[in-house]
Amino acid sequence: MFGRLLPQEGRFFELFNNHAEQIVLGAQELVALMDDISSAEKRISSIETIEQLADKITHETVAQAHKSFIT
């Protein structure tokens, strides 16, 4: 019964995994920034790039949800 409520397209889990990877990368960059503040400019730029990619993944996930779920 609940299987009908799950999205039929398997791409959601791929998107969730990609987003989780970006979270891990962002956290690693944040730790590196706190460990060595002298490289702040490089680390901040890297964090911003990771954030932008994560935002794209979020937007794609929401777009897929709008296409996949029938309310």
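**View 1. Glu 60 is partly exposed, at a relative accessible area of 30%.** Partly exposed sits between buried, under 20% relative accessible area, and exposed, over 50% (1.4 Å probe, protein chains only). Please keep in mind that this is a predicted model, in which local features need pLDDT of at least 70, side-chain atom pairs count only at pLDDT 80 or more, and totals for chains, interfaces and linings use all residues. Residues are numbered from 1 along each chain as its sequence is written, and side-chain values use heavy atoms, leaving out hydrogens and water. Glu 60 and Arg 11 join their side chains in a salt bridge, at 2.2 Å from N to O. That pair links distant parts of the chain, with Glu 60 in helix 2 and Arg 11 in helix 1, 49 residues apart. A salt bridge here is a side-chain nitrogen of Lys or Arg within 4 Å of a carboxyl oxygen of Asp or Glu.

**View 2. Arg 11 also forms a salt bridge with Glu 14, whose closest N and O atoms are 2.8 Å apart.** Both residues belong to helix 1, 3 residues apart, about one turn of the helix. Glu 14 is partly exposed, with 42% relative accessible area, and Arg 11 is partly exposed as well, at 26%. Helices are DSSP runs of H or I with at least four residues, strands are runs of E with at least two, and both are numbered from the N terminus. The chain has 2 helices and 0 strands.

**View 3. Arg 43 and Glu 29 meet through their side chains in a salt bridge, 3.1 Å from N to O.** Since Arg 43 lies in helix 2 and Glu 29 in helix 1, the pair ties together parts that are 14 residues apart in sequence. Glu 29 is buried, with a relative accessible area of 16%. Elsewhere, shared partners join the salt bridges of Arg 11, Glu 14 and Glu 60 into one network. Setting aside neighbours within four places in sequence, Glu 29 is in contact with Arg 43, Ser 46, Ile 47 and Ile 50, contact meaning heavy atoms within 4.5 Å.

**View 4. Phe 12, Phe 13 and Phe 16 form one aromatic cluster.** The structure holds 2 aromatic pairs. In one of them, the rings of Phe 12 and Phe 16 have centres 6.2 Å apart and planes at 45°, so this pair is tilted. Rings of Phe, Tyr and Trp (its six-membered ring) pair if their centres lie within 6.5 Å; planes under 30 degrees apart are stacked, over 60 edge-to-face, and the rest tilted. Phe 12 is buried, at 5% relative accessibility, while Phe 16 is partly exposed, at 43%. Phe 13 and Phe 16 make an edge-to-face pair, 6.0 Å centre to centre with 85° between the planes. Phe 13 is exposed, at 56% relative accessibility.

View 5. In the chain as a whole, 20% of the 71 residues count as buried.
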